[in-house]
Amino acid sequence: MHAADMVIGLDDLVARIPDGASIAIPPDYSGCAMEAVKALIRRGCRDLHLIGVPSGGFQADWLIGAGCVASVEAAAMTLGEQGIPPRFSAAIRKGRIAMKDATCPAIHAGLQAAEKGLPFMPLRGILGSDLLKYRPDWKVIDNPFGGGDDPIVLIPAIQPDIALFHARAADRNGNVWIGVRRELMLMAHAARTTLVTVERIEDADFLTDDTMAAGTIPALYISAISAVPGGARPIGLAGAYPADTAELAAYAAAAKTEDGFQRWADEAIFGRVPA
Amino acid sequence: MSTVEIDSISRTEIMIGAITRMLQGLRHVAVGNSSPIPGSAALLARALSGGELRVSLLGSRTHNAFTDGGRELFDCAAQGRIDAFFLSGGQIDGAANINLVGLGDYPQSKVRFPGSFGSAYLYHLIPRVILFREEHTPRTLVPKVDFISAAGTSPENEYRPGGPYALVTGLCVFSFDKNACRFRLQSTHPGIGPAEVKEATGFEYAAPEHIPTTEPLDSAALRLLRTEISRQVAETYPGFAAKTWGVVI
């Protein structure tokens with residue numbers, strides 16, 4: 001694809017996410033495409049299968065609260081200092097979403113298998129955990145290279161339909177700079193389609209500079225980009241702007257009830273001024 | 001310079017002191033997210049070691065040298081490059097099983113906890129896993145967890161270089177006896193008696209006849225904690241540092 005065609009508007013970007021898609025999202029400390037998630041909610045997206053890499057936070061709770069989610073796979077769901085994501089825990093209690101509890105390295109290993117085009121990845125540990133009991137897709141075999149009686153867990157490849165995240169910058173060729181946030185690289189390698197919002201698009205070629213290239217996802221793995229300055233607010237973006245902790249706390253308080261969430265979403269996502 | 005009054009040492013600082021001692025002589029300690037007490041102990045232990053101890057504090061930009069994304073901690077642990085780590089639990093039972101998933105029947109947990117994070121893996125691979133839970137009540141320390149996020153012990157044949165080493169609570173320190181598959185009361189914090197611990201603990205444990213008091217940090221270490229270390233802690237845990245030491249950044 002020509003690089004110029006990769007840069008599209010935010011609504012066009014989220015239009016690439018079909019209902020029913022599996023979608024990988026980063027944890028709150030990485031690069032979260034918060035504005036894209038809002039646009040996705042405004043579009044009325046349904047039946048998403050969220051994959052937290054390896055955990056889910058505010059983005060996941062917004063999507064669950066708005067009724068966009070059918071299932072979640074994650075090692076944890078947390079709002080950090082704001083505690084348990086309230087719409088997530090309500091949905092679990094009411095059985096409204098299917099939960100596939102995982103452990104962090106299993107999510108990474110599943111994505112690594114997809115990255116390598118492999119059907120599975122072996123992983124140590126996990127034996128004896130109830131996680132294994134509720135994950136029939138995780139298999140235990142005897143290590144074929146061992147002396148026998150050495151059980152080891154196999155994690156199937158995780159190939160998300162979509163990876164969605166926010167980064168500091170893209171260049172004119174559609175390369176995306178992520179710096180040290182290498183889990184975003186893993187997500188882009190593993191997913192079929194990678195959609196990125198960025199703070200800015202620079203008239204440069206990051207791959208000609210080794211310092212930048214080491215932290216850059218080549219355009220080869222990127223499907224589309226939108227320029228959305230402040231696109232990670234209110235979560236914040238390391239090196240760019242901090243979290244708006246007052247805003248995050250206000251969300252956590254409002255979302256304790258379904259009505260509170262609706263009122264919050266009306267204003268924060270749909271821009272309706274309260275009567 | 002005024003000397004720090006040991007009398008005024010807080011319960012949080014007693015816990016930090018107990019954990020700090022468990023890290024002496026180690027090469028590399030990693031600290032997960034949401035672990036301010038272990039994080040403080042690790043940073044203090046590093047300062048006391050004269051920089052011999054390497055600390056990887058997740059969530060910190062200054063005290064975290066990982067550069068290969070979320071996977072690196074786990075790869076590093078599996079190679080034996082991490083000597084100690086910390087886990088907690090909504091419930092911890094007498095066999096050192098931990099529950100980070102929820103209360104009641106799974107999956108429709110009536111109370112949902114965040115989830116297992118890396119526990120199911122790291123508990124098996126890191127030699128010295130120190131459990132910590134400030135709330136020491138029959139609600140948190142239970143006979144049997146509702147959901148095993150990570151198992152305390154494993155059958156002999158399973159590959160398991162790692163496992164539980166101790167449990168540090170707001171009342172006491174337990175060590176874990178892997179062979180007997182149970183905790184042993186090691187010390188009680190200043191002002192706390194063995195009877196109080198028994199009353200507050202939902203699981204059975206071994207207790208010797210004479211149980212020492214958890215030794216507080218000496219005044220030099222305590223001073224270091226309250227000055228230089230508290231400011232390092234504040235970078236990652238501003239709320240905790242403000243509450244514990246009044247540090248404002």
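This is a predicted model: local features need pLDDT of at least 70, side-chain atom pairs count only at pLDDT 80 or more; totals for chains, interfaces and linings use all residues.
**Chain B as a whole**

Let us start with the fold. Chain B is built from seven helices and 12 strands.

| Property of chain B | Value |
|---|---|
| Box filled by the C-alpha atoms, along the principal axes | roughly 55 × 50 × 35 Å |
| Buried share of the 249 residues | 51% |
| Share of contacts with a separation of 6 or more that join residues 24 or more positions apart | 66% |

**The nonpolar core**

The largest nonpolar core holds 165 residues. Among those with the most contacts inside this core are Leu63(A), Val176(A) and Met187(A) from chain A, and Ile19(B), Leu23(B), Ile130(B) and Leu131(B) from chain B. Once neighbours within four places in sequence are set aside, Ile130(B) is in contact with Ile19(B), Met22(B), Pro38(B), Ala84(B), Phe86(B), Tyr165(B), Ala166(B) and Val168(B).

**Where the chains meet**

Chain A brings 40 residues to the contact, and chain B brings 36 residues. On the side of chain A that touches chain B, at least two residues each come from strands E5 (76-77) and E6 (98-101) and from helices H5 (86-93), H6 (104-116), H7 (130-133) and H8 (182-190). H8(A) gives the most, with four residues. Sorted by class, this side of chain A has 21 nonpolar, nine polar and 10 charged residues.

**A three-stranded sheet in chain A**

Chain A also has an open sheet of three strands, ordered E7-E9-E8 and paired antiparallel. The edges are taken by strand E7 (120-123) and strand E8 (139-142), each of which has a single partner strand, so one side of each is left without a neighbour in the sheet. On average, neighbouring strands here are turned by 40° against each other, with direction ignored.

E7(A) and strand E9 (residues 151-156) of chain A run antiparallel and are joined by four bridges. To find this pairing at residue level, look at Leu123(A), whose bridge partner in E9(A) is Val153(A). H6(A) packs on the sheet, where this helix touches E7 and E9 of chain A, and its direction makes about 145° with that of E7(A). H6(A) is also one of the elements that supply at least two residues to the side of chain A touching chain B.

Note on methods: Residues are numbered from 1 along each chain as its sequence is written. Chains are lettered from A and ligands numbered from 1 in the order in which they are written. Two residues are in contact if their C-beta atoms, placed from the backbone, lie within 7 Å. Ala, Val, Leu, Ile, Met, Phe, Trp, Tyr, Cys and Pro count as nonpolar, Asp, Glu, Lys and Arg as charged, and the others, Gly among them, as polar. A residue is buried if 20 or more other C-beta atoms lie within 10 Å of its own, exposed if 12 or fewer, and partly exposed in between; C-beta atoms are placed from the backbone. A nonpolar core is a set of buried Ala, Val, Leu, Ile, Met, Phe, Trp, Tyr and Cys residues joined through C-beta atoms within 7 Å. Two strands pair if DSSP finds at least two bridges between them. Axes are lines fitted to C-alpha atoms, for helices over the stretch in contact, and angles run from 0 to 180 degrees between N-to-C directions.
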